[in-house]
Amino acid sequence: MSELVVVRPGPLTTVQDLGRYGVAHLGVPRAGALDEPALRAANRLVGNEPGAAGLETTLGGVALRAVGRVLVAVTGAPAPVRVGGRAAAWGAPVVVPDGAVVEVGAATDGVRGYLAVAGGVAVPPVLGSRSADLLAGLGPAPLTAGDRLPVGTPPPYRARPELVPLPAPPAELVLRLRLGPRADWFSPDAVARLGRDGYRVSSTSNRVGLRTEGPPVARARGGELPSEGMVLGAVQIPPDGQPVVFLADHPTTGGYPVVGVVPAADLAAAAQARPGTPVRFVPLRGH
Amino acid sequence: MTAGAGAAGAVPPVGAIPAGAVRRAGDRALLVELPGTAEVAALYGWLREQREAGALGEVGELVPAARTVLLDGVADVDAVARLLRTARPTAAEAARGPLLEVPTVYDGADLAEVAALWGVSEEAAVRIHTGPEYTVAFCGFAPGFGYLTGLPARYEVPRRATPRSSVPAGSVALAGPYTGVYPHPSPGGWQLVGRTALPLWDTDRDPPALLAPGARVRFTAARA
């Protein structure tokens, strides 16, 4: 069985697939790739099932030595790719010979890069997923130098379209917002201003949530909400009024009112928005 | 079991769900707001039966909480919202799951304080805590951390003013109306009354959480 040996883990590199399902009632977050279309594209490029586990990098890339010949593809945040010290393609299948090092450099744009390997990263699944969950501590820990990642048996390779559409990281992050379930905790005026005012991505964002900074969203009522179930994309308004968009490692329950929910289709861009990126919420009414 | 009235005979319905109680949470989820824990337990039990019977279509998650049930990953939210308007869950549907005994050594660091809050001796506090049958109302905070109800309201205790930076796994603790058992070592602000050696969380077990929603629990005093 082939392996990938971690030479340089980068600032934060984790194993991710499409996450855990059906266990939220036990308090288990979903986890999974933040930019799911990018992971799916990387898997498609190497002939994997879309949900095979790959690596999610954060800003700084990763370097891995192949034990056995492997086929990889890098997508997500654009970054220089080198194999054995020579420039290689980003967003395309790349062969890494036995003993060679594949290096993903610092992202030139965006935040999260995805490296898929034919056969998938074959760490043991936990509750149906190989994803690292940084909130609950499930799945493999973030990579450290010297880690050895088993690679699964590559599927029979079939030629695939070379061009996988990969959207560029956003210059402005536009997040549609389906109002509710707790929009009534805020005055119509505060909700209207949330759609009008400018916000920026905070540097305190992580896999749990995209934190934003801007004019505080004022509550129309006092009191506390008993903790309730939270969905992916929920926009919580904590007491400081700064909206937090829940990403894959979000807690299963929370006690701050959710003014609206960002559709999953908009969250890939949220995963790639760097701190300081302008954010515009676009409230949608009705269903 | 169907949604029809009278399906459970002698057990009265916990109540119909008012239309305004079903809220949208994005495109694929519904949040049902209920008066309290008993109604949550009844609806959660009813929804699990409906899901098993295939009446809900595709539903990814059913997440009970203190006063809500979240249905997430719902393929047809309109159809499920309509079905919820006909729901007449009963308390009988809530009473499910085997009775689990949790042998507990009552030597927690906050047992004396809890006893003082209740105005009784430590021995009496243990008798109070081992008295009722509890139900896991919901999970949260950490995987497998169940919020157990069953202690009478007069025994509610506040959280500690200063949370501990580390609480050992197996700690039996109280906060507000709830009893919880820490499945993993973690920071925590609940009042520690005892500890159990029972393995509460095991990802190789199905289900991984011993204290899953709906489970019934009795604490028994064990020797150290």
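This is a predicted model: local features need pLDDT of at least 70, side-chain atom pairs count only at pLDDT 80 or more; totals for chains, interfaces and linings use all residues.
Which residues are exposed on the other side of helix 2 of chain A?

**Stop 1: helix 2 of chain A**

Select residues 188-196 of chain A, the span of helix 2. Colour A:Ala190, A:Val191 and A:Leu194 first: these are the buried residues of the helix. They sit on the same side of helix 2, because the arc they cover around the axis is only 100°.

Now for the opening question. Turn to the other side of helix 2 of chain A and you'll find A:Pro188, A:Asp189, A:Ala192 and A:Arg196 exposed. To see what lies over the buried residues, show strand 12, strand 19 (258-261) and strand 20 (278-284) of chain A, which are among the elements that cover them.

**Stop 2**

Step back along chain A to the loop between strand 12 (173-179) and helix 2, where A:Pro181 is found. Show the backbone here: the peptide bond joining A:Gly180 and A:Pro181 is cis, with omega about 10°. In general, most peptide bonds are trans.

**Stop 3: two positive phi values in chain A**

Stay in chain A and pick A:Ala31, in the loop between strand 2 (14-16) and helix 1 (36-45). Its phi is near 60°, a positive value in a residue other than glycine. Is A:Ala31 buried or exposed? A:Ala31 counts as buried because 30 other C-beta atoms lie within 10 Å, where the cut-off is 20 or more.

Next, go to A:Leu127, in the loop between strand 10 (112-117) and strand 11 (148-150) of chain A. Here too a residue other than glycine has a positive phi, near 50°. A:Leu127 is buried as well, with 21 other C-beta atoms within 10 Å. For background, most residues other than glycine have a negative phi.

**Stop 4: across to chain B**

Show both chains and highlight where they touch: the contact takes 26 residues from chain A and 31 residues from chain B. On the chain B side, select strand 1 (22-24), strand 3 (61-64) and strand 4 (68-72), each of which supplies at least two residues. Strand 3 of chain B gives the largest share of that side, four residues. Colour the chain B side by residue type and you get 19 nonpolar, six polar and six charged residues.

**Stop 5: chain B as a whole**

Chain B has five helices and 13 strands, and its C-alpha atoms fill a box of roughly 50 × 35 × 30 Å along the principal axes. What is the radius of gyration of chain B? The value is 19 Å, which agrees with the figure near 17 Å for a compact globule, because that is what 224 residues would give. Colour by burial and 46% of the 224 residues in chain B come up as buried. Among contacts in chain B between residues at least 6 apart in sequence, 63% join residues at least 24 apart.

**Stop 6: two domains**

Colour domain 1 (19-94) and domain 2 (99-221) of chain B separately. Their C-alpha centres lie 27 Å apart. Eight residues from domain 1 of chain B and six residues from domain 2 of chain B make the contact. On the domain 1 side, select helix 1 (residues 37-52) of chain B, which gives the most, with five residues. That side of domain 1 of chain B divides into six nonpolar, two polar and no charged residues.

**Stop 7: a hairpin in chain B**

Zoom in on strand 9 (residues 171-175) of chain B and strand 10 of chain B, which pair in the antiparallel sense over four bridges. The two form a hairpin with two residues between them, and B:Gly176 in the turn has a positive phi of about 55°. Across the pair, B:Ala173 stands opposite B:Gly180.

Now pick out strand 10 (residues 178-181) of chain B, which is covered on both faces. B:Tyr178 and B:Gly180 are buried on one side, and B:Thr179 and B:Val181 are buried on the other.

**Last stop: another cis proline**

Finish at B:Pro207, in the loop between strand 12 (191-195) and strand 13 (216-221) of chain B. The peptide bond from B:Asp206 to B:Pro207 is cis, with omega near 0°.

Technical notes: Residues are numbered from 1 along each chain as its sequence is written. Chains are lettered from A and ligands numbered from 1 in the order in which they are written. A residue is buried if 20 or more other C-beta atoms lie within 10 Å of its own, exposed if 12 or fewer, and partly exposed in between; C-beta atoms are placed from the backbone. Two residues are in contact if their C-beta atoms, placed from the backbone, lie within 7 Å. Ala, Val, Leu, Ile, Met, Phe, Trp, Tyr, Cys and Pro count as nonpolar, Asp, Glu, Lys and Arg as charged, and the others, Gly among them, as polar. Domain bounds come from an automatic or database domain assignment. The radius of gyration is taken over C-alpha atoms; the globule rule is 2.2 Å times the number of residues to the power 0.38. The arc is that of the directions from the helix axis to the C-beta atoms. Two strands pair if DSSP finds at least two bridges between them.
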